[in-house]
Amino acid sequence: MQENGCKDPPTSTQQSESVMGGAVVDDGPPGVKAPDGGWGWAVLVGCFVITGFSYAFPKAISVFFKELIREFNVGYSDTAWISSILLAMLYGTGPLCSVLVNRFGCRPVMMVGGLFASLGMILASFANSIIYIYLCTGVITGLGLALNFQPSLIMLNRYFNEKRPLANGLAAAGSPVALCCLSPLGQVLQLHYGWRGGFLILGGILLNCCACGALMRPLLPPKKHREPEEGDLTALEEKTKKPQPKKKLLDFTVFKDIGFVIYTIAASIMVLGLFVPPVFVVSYAKNLKYEDTKSALLLTILGFVDMFARPLSGIIAGLKWVRPRSTYLFSFAMLFNGCTDLIGSQASDYTGLVIFCIFFGLSYGMVGALQFEVLMAIVGTEKFSSAIGLVLLMEAIAVLVGPPGAGRLLDATHNYMYIFLLAGCEVTLSALVLALGNLFCIKMKQDHQETKMEMAVTASEREGLNQTEEAKEGEEEPKEEQKGNHTLSAEDKVKMMKEGGEETSL
């Protein structure tokens with residue numbers, strides 16, 4: 001582990017192609033280095049698009065809510081469940097995605113996920129009740145997006161090592177870019193084709209997830225340009241005969257890593273308050289008696305700043321001095337975000353809200369760019385597919401509790417200041433948990449391990465000296481015995497010669 005409690009980033013991705021159930025699974029032997037470029041840039045483009053769809057789509061479809069309220073005679077809270085179910089599927093199906101990726105590989109899972117995402121929106125365009133839309137858009141499309149989001153991050157981790165922080169920052173920028181594109185597109189589609197036509201066209205657009213999945217080419221081991229020798233063939237046959245250990249579909253041993261446990265707890269607390277300000281900032285402005293267009297502009301400002309903050313954060317995280325301390329940079333980003341919420345709660349006019357959105361967009365972008373980069377550094381490449389699934393499952397609970405809990409607080413107090421204060425306290429607490437947990441728990445563990453290593457070295461040196469002395473004593477004893485034997489044999493010879501001489505004289 002490094003200073004930040006993270007394991008050293010792997011110098012090579014340890015996956016290659018192996019056939020399993022008729023699919024290509026990239027979990028093979030070591031020796032396949034992360035190219036840090038080449039086809040990895042195509043993988044990055046696919047990850048950029050998938051991240052945009054996954055995070056922006058639940059917000060973008062909210063432009064159709066008024067039409068759905070009028071069509072099915074339901075309330076706004078009923079339509080809001082569509083976005084909630086989408087997010088719940090995106091986060092809550094993390095372990096399922098991990099199992100499927102470890103069983104079948106990233107590419108086939110993503111292509112099937114793209115079909116599910118598209119199918120859900122197409123079926124929803126024929127809906128005759130809001131429950132039908134819950135099932136189609138919420139469950140089916142949500143599952144499809146989840147099957148794309150997690151594998152794309154896994155493949156990005158495999159293709160990039162030295163440039164991974166930058167790659168994560170650029171991929172994360174897909175979220176604000178897609179939000180800026182999909183929301184106006186949804187309004188145009190609703191105006192010209194209605195909500196049914198809009199859902200149908202959006203379903204066709206989501207088929208691009210299949211194209212992104214096709215970009216996720218598994219890494220191949222290097223080819224050796226030499227003829228196999230007889231010894232190599234024999235070794236290969238013996239290796240083939242030996243039963244290979246089965247790969248775990250979901251590796252729970254990541255919980256033995258204290259760095260992962262601290263990260264999971266901190267991330268779960270953070271998500272309780274992280275998404276609250278973007279949800280309520282427009283309503284906050286409307287409550288201050290500003291018109292709808294002016295209030296909606298706040299989200300545009302937030303998204304624009306977020307768009308540039310993410311790649312910039314990736315560049316900073318990739319610096320030689322910063323990268324070993326990326327956990328502390330992530331803690332700073334969360335602390336920055338939490339303090340922004342606390343100060344923004346005191347905003348009393350539009351100018352104050354604009355300043356809040358600028359700083360919130362900056363801190364929000366930093367968090368978005370660093371959260372998975374830090375997780376990759378903590379657990380490494382081999383366990384990342386299982387770790388991200390388990391982390392997303394924990395965050396799913398917080399996602400379902402955070403914004404609704406803030407809504408209930410608003411209903412009870414009728415004051416937006418309190419929900420921003422609550423969100424700020426939650427995010428600030430998560431920053432302290434991550435930073436202090438990393439500083440004390442992991443640092444103390446490292447010091448303890450170093451002390452044990454020194455004691456072990458000292459003990460082994462003593463044991464080695466004792467063995468050397470015993471060996472020397474053991475070598476000296478046979479020499480003395482051998483010398484004694486030679487002396488006795490010489491005396492015997494002298495006596496025999498004297499006796500022989502006496503007998504001759506007689």
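## Aromatic pairs and a cluster

Rings of Phe, Tyr and Trp (its six-membered ring) pair if their centres lie within 6.5 Å. With that in hand, this predicted model has one aromatic cluster made up of Phe275, Tyr284, Phe356, Phe360, Tyr364, Tyr416 and Phe420. The ring rule gives a count of 18 aromatic pairs.

One of these pairs is Tyr55 with Phe149, an edge-to-face arrangement with 5.3 Å centre to centre and 80 degrees between the planes. Tyr55 belongs to helix H1 (residues 40-60) and Phe149 to helix H6 (residues 130-159), so their pairing ties together parts that are 94 residues apart in sequence. Both Tyr55 and Phe149 are buried.

## A charge over a ring

Over its face lies Arg217, at 4.3 Å from the ring centre.

## The overall picture

Stepping back, the protein has 17 helices and 2 strands. Of its 506 residues, 47% count as buried. If you look at contacts between residues at least 6 apart in sequence, 83% join residues at least 24 apart.

As for the surface, the protein exposes about 25600 Å², and carbon and sulfur atoms supply 65% of that area.

## Helix H12

Tyr284, a member of the aromatic cluster, is also one of the buried residues of helix H12. This helix covers residues 276-287, which makes 12 residues, and its first and last C-alpha atoms are 16 Å apart, close to the 16 Å expected at 1.5 Å a residue.

Which residues of H12 are buried? They are Val276, Pro277, Pro278, Phe280, Val281, Val282, Tyr284 and Ala285. Just after H12, Lys289 takes a positive phi of about 75 degrees.

## Around Thr79

Thr79 sits in helix H3 (residues 76-92). Is Thr79 buried or exposed? Thr79 has 0% relative accessibility, so it counts as buried, given that buried means under 20% relative accessible area.

What is Thr79 in contact with, leaving aside its neighbours within four places in sequence? The list holds Phe65, Leu68, Ile69, Val74, Ile130 and Tyr134. For Phe65, 14 residues from Thr79 along the chain, the separation between the two C-alpha atoms is 6.1 Å.

Notes:
Residues numbered from 1 in each chain as written. Predicted model: local features only at pLDDT ≥ 70, side-chain atom pairs only at ≥ 80, totals over all residues. Heavy atoms only, no water. Helix = DSSP H or I, 4+ residues; strand = E, 2+ residues; numbered from the N terminus. Buried < 20%, exposed > 50% of the residue type's maximum accessible area, 1.4 Å probe, protein only. Contact = heavy atoms within 4.5 Å. Areas by Shrake-Rupley, 256 points an atom, 1.4 Å probe, with all protein chains shown as cover. Expected span 1.5 Å × (residues − 1). Phe/Tyr/Trp six-rings, centres within 6.5 Å; stacked < 30°, edge-to-face > 60°. Lys NZ or Arg CZ within 6 Å of the ring centre and 35° of its normal.
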